[in-house]
Amino acid sequence: MADVTRSEDHAGQKRTAKSAPKEMSAWSQLQTNRNWLGMWFMLPAGLFLILFLAYPLGLGVWLSFTDARLGRAGEFIGLENYAWLIGDFTEGWKFWEIGDPVFWLSVFNTLLYTVVASAIKFGIGLYLALLLNKHMPFKAIIRAVVLIPFIVPTVLSAIAFWWIFDTQFSILTWMLQEVGAIAEDYQVNWLGEPLMARASVIFANIWRGVPFIAITLLAGLQTVPPSLYEASVIDGATRWQMFRYITYPLLTPIIAVVMTFSVLFTFTDFQLIWVLTRGGPVNTTHLMATLSYQRAILGGNLGEGAAISTAMIPFLLAAIMFSWFGLQRRKWQHGEAND
Amino acid sequence: MTDATPSAAKDDHSEGMQYLETPLNRVITLWIPLIIIMIVLLFPFYWMSLTAIKPDKELIDLETTHPLWTWSPTFKHIRILLFETEYPTWLWNTMSIAMGATILSLIASVGAAYAIARIKYRGANWVGGAIFLAYLVPPSILFIPLASIIVDYGLFDTPFALILTYPTILIPFSTWLLMGYFKTIPFELEECALIDGATRWQILTKIVLPLAIPGLISAFIFCFTLCWNEYIYALTFISSPSNKTVPVAIVTSFTDGDIFRWGSIMAGALIGSLPLVILYAFFVEHYVAAMTGAVKE
Amino acid sequence: MSFTRRRFLGTSAMAGAMIAGGDLLGRSRAWAATEMKWTPEDGASLQLLRWKRFVQSEEDAFLKLVAAFTDATGVQVEVLNESLDDVQPKASVAANVGSGPDMFWGLYSLPHLFPEKCMDVSDVCDHIGSKYGGWAPSAETYGKSGDSWIAVPVAYNANLINYRKSAIEEAGFSEMPGDTEGFLELCKALQGIGKPAGMALGHASGDGNAWVHWALWSHGGYLVDENDQVIINSPETEAALNYAKALFDSWIPGTASWNDAFNNKAFLAEEVWLTNNGVSIYAAAKRQAGEDAKMAEIAEDMDHAFWPIGPSSTPAEFHICYPLLGMSYTPYPNAVKAFMQFMMEVENYEPWCEGAVAYLSHPYKAGDDFAFWDADPKLVAAKPAAWRTSTAGHLGSVGERAAAALADFIVLDMLANVCTGRQTPEGAMKLAERQAKRLYRA
């Protein structure tokens, strides 16, 4: 990417220099029109988001302050839903005692799920991207095949995983027994034990998430000019140094976007958990999204469900802020300095 | 820019020539890890394919038959899927809904990303962050208020209920992705065109978009797949069997109360994914080519 | 009234033996001319969303019934299927936005989640009830909100002990023990001979809820009392929890992750030899018996039993009720009522139920005379489901709060917490009490 910018820099400067007299007027014209132009280009996206999102978003937050139930608009009850879920801090500070333990468990689960799954997805995704970036036969086919887990509809692949993680008919258990890793009559309790169940759902999430991360990072890798590597080899750089000082910095903007979204989508994951465990065993895999669905749609307490959803906002906001002000912005300012 | 490169040169060590790989080295650093990852990624897929052609009774029999293979494949499940259900209709619905929503999202995102990244109107940065807010309320609960809007607009149980709501989850991501790609295209190109009297629209379509093709493909793959996968909206906004999408219809059609008809469910998942695999195989190749092209230009 | 009832009971006995399409159509035209109490609106057409059938022959019989209704009244009825778990979100959306199918046929206390959005069908239910010997008490509880009926409790899915006769004989029992202590002994003995029992303890709305409520109620523990006051934290509950823990420990490992589908599979694969389920395992085994000798053997060897009686000395069973509700937004309320009446008339209801091979049990007295109950002695245990079952709130009301408690798996999670050893009985009861108090707050 940097190389593109640089080579175009030269070309651009040449041409700019040639037509210098006209430059000012074109730019000033642009300046005056800029806000209007921006609005026109924003219009389609803006319309969609306002028509289909602003209202439900607002309503969702509003619902969390009411005792609304299915089919019945509720009355405003202030922070009652939150006091119940999070805890009324006038009563003490031990939030796991004064709040709803199931809610706090789901917060913990969600954070654990997001952090572990995203970190591993990133690690494997980047590694896979680096592997795929090498020269090899059947490159295109291998790259397309890698995308398969991403293509199969989530709910259906979740059903397949459900079968793979079955307590009695798990193919994984069978294979472990065949290779002698576990006793012949021992059944691994994939989804029945809290720790194992968490690991299993995280594995399924990683399985689904890695391909897209890998392919998007691969796209980023393609933009790194080979000349940089050649130069560094001549300078005697190690492979790690090449990665650390060339690949990684150039990849950062794409990593930032992909990982922000990976975190957002993992945090709000619903289908996978819902198919695999319904939040069981004993709520140890309940995420905030599944809990809010359970309380709002199955239990009918729209208000409380909306409050759980709304409680996700600060976390998501933090993830966005981190990406926006941390990674993303720094890189862009960096890029702008080039112009 | 690569301000770090010189420091890499400074940390000179003696192992520099490792770059030239021996065949053995290549097996260890490339093929072994790649094959392991591929096996893990593809095993569930293999398992699904196998389930789709296994006779029912072999499914729960781990002793007398080999669970990783079948000697008596049956096309019963696939036949049921193709000829005794409306599967072709569902596939067509899913395709057209995903296509419609993806194209709408890409058009909207290209405009928004260009405006934020390049026109830089007042408050552009602020809007760039605000677009993210779309993800703040997850669909697991959003569908209830959204359903009232769908009904108000008279879209309930039509494909447009999905074509018009999916962009809300697609636009933010594609906008951000495209913003990233637009930023890599040098300003000078645009300036020249402006000076030569091109309009912003011409610049976007003639200069910026061709250069951002890898980004567009990436965004396309993401959007299309997300539409393809979506479950809650598709479940709740569509009720006629002939308007359903593949994931919802498969789950409904092949669960009998508390019994899952595994074979047909898996066959449905696979046959539905086949067109995508082919489509993406083509795209990914193009993707790489486009990238290289962009670098050369 | 009594004349018609006798007449229909007579004909239905014959119809039960053979479902003849032409006969059904002829009768239904006569019905529309003489018996139909509500005349459908001109140009009426209906959409009915139901859960996906367990057994194909039930759906066939149901569609035949629907076709007969259309033929007799000219009202088109479109039947939409959704899997069991997906009925509720769809009904929730429809109730909330006031648009969607005219009728929903769902589970348990679905209508009580949004009673204001359900049509008042008191006249239909009173008519059917008095015509066919009265509703079972539980049916009345499920169907009524306050004094008016908000849904027709169409049928029950009996949840019974499914067991292999050979296994319990091998374990040293001549028959299924009828009491909870004996049942525990049996489970332990089954574990001893390597043919364990197992019941779902995941978030399984059908089988899971059925057995945990049995464990609780059979020991005299209840979530709420008659006045909807939370009384879960009690010595009886503690006894139930200890009992459940003992049971759980004797079962096949892994039941904490089971949902409604797992036990079917495990039973047919001879991994578990005793579980709780509807009669659909038996139906599945019988269906495949022709091509698979093992299935034939399972069908031959298995049987169903009532739930054992515990210290509370009363049946503590929890069968799934399937209520049919009309949405208040429908433009054709009379057509809805006519359909409900038609569907519940014995001459239509009986052949349909027969198609269900006993996984649907009747909610009114006249059903006791259905001929098909005598056809297979293994299915008889499903016959009195409507009379033996308790309702979702048990002592308390069946309302939105009971529905929410069920949906939130309060009782199930309490047992699961103890069985998996995550919490002591005291801790689990406290947690459940706290959550229940919140749901039952004034």
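In what order do the five strands of the open sheet in chain C lie? The close-ups below, taken from a predicted model, begin with that sheet.

**View 1. An open sheet of five strands in chain C.** Follow the strands across the sheet and you will read S2-S1-S3-S10-S6, with mixed pairing. At the edges sit strand S2 (76–82) and strand S6 (152–157) of chain C, each of which pairs on one side only. From one strand to the next, the twist averages 15°.

**View 2. Strands S1 and S2 of chain C side by side.** Here strand S1 (residues 45–51) and S2(C) run parallel and are joined by seven bridges. Look for C:Trp51, which stands opposite C:Glu82 in S2(C).

**View 3. Helices H11 and H19 of chain C crossing.** Two packed helices are described by the angle between their axes and the distance between the axes. For helix H11 (residues 235–250) and helix H19 (residues 410–419) of chain C, the axes come within 9 Å and cross at roughly 60°. H11(C) and H19(C) are therefore oblique to each other, and the crossing is right-handed. On H11(C), try to find C:Leu241, C:Ala244, C:Lys245 and C:Phe248, which meet C:Leu415, C:Val418 and C:Cys419 of H19(C). By class, this contact has six nonpolar residues, one charged residue and no polar ones.

**View 4. Where chain A touches chain C.** In this view, 28 residues of chain A are in contact with 32 residues of chain C. Helix H14 (residues 288–298) of chain A gives the largest share of chain A's side, four residues. That side of chain A divides into 14 polar, ten nonpolar and four charged residues.

Key
Residues are numbered from 1 along each chain as its sequence is written. Chains are lettered from A and ligands numbered from 1 in the order in which they are written. This is a predicted model: local features need pLDDT of at least 70, side-chain atom pairs count only at pLDDT 80 or more; totals for chains, interfaces and linings use all residues. Axes are lines fitted to C-alpha atoms, for helices over the stretch in contact, and angles run from 0 to 180 degrees between N-to-C directions. Helices (H or I, at least four residues) and strands (E, at least two) are DSSP runs, numbered from the N terminus. Angles under 35 degrees count as roughly parallel, over 145 as roughly antiparallel, 65 to 115 as roughly perpendicular and the rest as oblique. A crossing is left-handed if the near helix is turned anticlockwise from the far one by less than a right angle, and right-handed if clockwise. Two residues are in contact if their C-beta atoms, placed from the backbone, lie within 7 Å. Ala, Val, Leu, Ile, Met, Phe, Trp, Tyr, Cys and Pro count as nonpolar, Asp, Glu, Lys and Arg as charged, and the others, Gly among them, as polar. Two strands pair if DSSP finds at least two bridges between them.
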